[in-house]
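Subject: Structure for your review

Dear colleague,

I am passing on to you the structure that follows, together with its sequence. Please look through it first and then read the notes set out after it.

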Amino acid sequence: MTDPAIPTAAAQLRRAGLRVTAARVAILETVRTGDHLGVEAVAGGVRERVGHVSLQAVYEALHALTAAGLVRRIEPAGSPVRFEGRVGDNHHHVVCRRCGVVGDVDCVVGHAPCLRPSDTAGYAVDEAEVTFWGLCPDCRDRPVDDPSETVAAVSPDAPSTARGSEWQAKHGGAAFMTDRPITTTDAGIPAPSDEHSQSVGPNGPLLLQDHYLIQKLAHFNRERVPERVVHAKGGGAYGVLEITEDVSQFTKAKLFQKGARTESLVRFSSVAGELGSADAGRDPRGFAIKFYTEDGNYDLVGNNTPIFFIRDPQKFPDFIHSQKRRPDTHLRDHNMQWDFWTLSPESAHQVTLLMTDRGTPASWRHMNGYGSHTFLWYNAAGDKFWVKYHFKTDQGIKNLTADEADRQPPDVHLKDLYEAIERGDYPSWTVQVQIMPFEEAADYRFNPFDLTKVWPHADYPPITIGKWTLTRNPENYFAEIEQAAFEPANFVPGIGPSPDKMLQGRLFSYPDAHRYRIGANYLQLPVNRPKAEVHSYNFDGPMTYRNPEGPVYAPNSFGGPAADPELWKGESYEVAGEIVRSAYTLHREDDDYVQPRALWEKVLSDVDRDHLVSNIVGHASAPEVTADMKKRVVEYWRNVHKDLGDRVAAGLGVNGS
């Protein structure tokens, strides 16, 4: 039973001005109940309380807790670092020379009951404390045959297995810094960051020289054969985009000029499920459109939500791994999902939306689509604007409750779309855009390139520009849908990328995935082939059937194709900054919880709120979700809104802190 005189771990964290997280609470509780623990032993105690947590996360949390004075770090030379919960009281430490066990001594040298005489025990002094060396009661009467057995005789730089194997076996300690594993590339090179891609300044575009990001994304694309790693299950159809309003003051892209009609292909999909997974499961939906324009293909690769879980592509493979199957059991694991979400507060907005009934749409016809990212538009004069795309369903939003979704046939969305088009009930969407003048991005209250946030409509009202209608089913699913390849890097003159880091990562990742999954000449397949003529200097490779004539290199003197930079005049803009690995620079109202809080307070109805709570509780009540993970879930939602967190706590049977 907890001593009421001792403040709770959460109270200690708040008193120290630290954010309360499940990992920090678990560390404090572990250290308090088992003093003098090594880092691995602390990590073991944390995992017993909250499930899997990386050793790196434990290191980082221990750094914060020791800096705040909530945990004391014990660093006797030649012995592994340990930690204790006794801080602020007057005591010293005694370390056994042979087995490395640490004890407390509250008196001066010569009076510690487990030490030999002080002249043979010896001691070392540092700025924080005095450490006494001697022999513990278990070792004092045991002769030492080999001096190298003793902890004190081993160099601090020696491998941890040499520093008192008995102590290692008994306590599982590891040196705090010299023994901590460092993330490496696949070539064994120390990785520069686990969270941040390399960019020009905190807010600038990403760099091709970021080898570690490229390696992570390229390896991630090759993890599955042959289905897509993400968005594996889906369906699609052909349609037409019709522009009814004049937006030439914003973009010179021909497909967005008034009166333009552009043929298109769409692929709807779920994100985390495999090729045979159920359509109606709780998941975001992919909403990828290929427009066959006279200037080549323009691909808009979005979702049915205007936001996403993360804002830096460095975390994307890790996020998807947390939503997929475990490597040991090959089962989906809700504990693993909540572990990632609760350790990634930027996910709160998307997880809030996912846990409403929007996470289980009734059909692909009854959901909105979004470009999600911010894109660049520029007009014929070179004036620049930032833009977000919205496709608002004309069928009306229709969702399923969790119980209704569970009762649906596996291919319900695929069947619904096909049959609707076959009977002439052509689904349509009203196309809208939000336009932000180029210069306003720098001082906007939110970072306009942060994929975890929306632009409130009160700031930038959506403008209707046209209608998009699906009119034709594919004749062969595999040839036209499974082999369809969408890539955010396909821009046409008048449209370009923004510094959105997630978009920047996808510019590389998507075409790289297609080259691996379908082949180097995937753009020659009929479904991917542009309607415009292709004059490319790329040739040959597996499965090629386009036969270029004339010179196959540039520049040349034989009338080969030549680029026209004037077509792209307007896409360039200035960026400057130090090359860094950093989070975005915060704008004045940037906060991971402010927009999901507004969703709870101002957007959701009472019924929506009830369903949100019920869906969260149901998801976090899976048998694999540990008791300590449930506490983290509650804290996560209390950060969004206290009422929401309290209701989740009540549903999970978790006491408030």
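The notes below take up the nonpolar cores, a set of paired strands and a pocket. Please bear in mind that this is a predicted model.

I begin with the cores. The largest nonpolar core holds 43 residues. Those touching the most other members are Phe 316, Phe 319, Trp 338, Trp 341, Ile 616, Trp 637 and Leu 644. Two or more residues each come from α8 (316-323), α9 (334-343), α10 (348-355), α15 (594-603), α16 (606-620), α17 (627-640) and α18 (642-652). Of these elements, α17 contributes the most, with 6 residues.

Leaving aside residues up to four places away in sequence, Trp 338 touches Val 351, Met 355, Ile 616, His 619, Ala 620, Met 629, Arg 632, Val 633, Tyr 636 and Trp 637.

I turn next to strand β14. This strand spans residues 384-393, and because 8 of its 10 residues are buried, β14 is largely enclosed by the rest of the structure. Strand β14 pairs with β12 (residues 369-370) in the antiparallel sense over 2 bridges, and Gly 369 has Phe 391 of β14 as its bridge partner.

Strand β13 (residues 375-378) also runs antiparallel to β14, and 4 bridges join the two. Here Trp 377 is bridged to Phe 385 in β14. The hairpin formed by β13 and β14 has 5 residues between its strands, and Gly 382 takes a positive phi near 90° in this hairpin. Strand β15 (residues 428-437) is joined to β14 by 9 bridges, again with an antiparallel run. In β15, Gln 434 is the bridge partner of Lys 388.

Lastly, there is the second largest pocket, with a volume of about 1400 Å³. Its lining is made up of 38 residues, and the closest to the pocket centre are Pro 530, Glu 533, Val 534, His 535 and Ser 536. The elements giving two or more residues to this lining are β11 (296-303) and α14 (501-517). Sorted by class, the lining has 19 nonpolar, 10 polar and 9 charged residues.

With kind regards

Definitions and conventions:
Residues are numbered from 1 along each chain as its sequence is written. This is a predicted model: local features need pLDDT of at least 70, side-chain atom pairs count only at pLDDT 80 or more; totals for chains, interfaces and linings use all residues. Side-chain values use heavy atoms; hydrogens and water are left out. A nonpolar core is a set of buried Ala, Val, Leu, Ile, Met, Phe, Trp, Tyr and Cys residues joined through side-chain atoms within 4.5 Å. Buried means under 20% relative accessible area, exposed over 50%, partly exposed in between (1.4 Å probe, protein chains only). Contact means heavy atoms within 4.5 Å. Two strands pair if DSSP finds at least two bridges between them. On a 1 Å grid over the protein atoms alone, a cavity is a set of points where a 1.4 Å probe fits but cannot get out, and a pocket is an open set with protein on both sides within 12 Å along at least five of seven lines; lining residues have an atom within 4 Å of a point. Grid points are joined across faces, edges and corners, and a volume is the space filled by probe spheres set on the points. Ala, Val, Leu, Ile, Met, Phe, Trp, Tyr, Cys and Pro count as nonpolar, Asp, Glu, Lys and Arg as charged, and the others, Gly among them, as polar.
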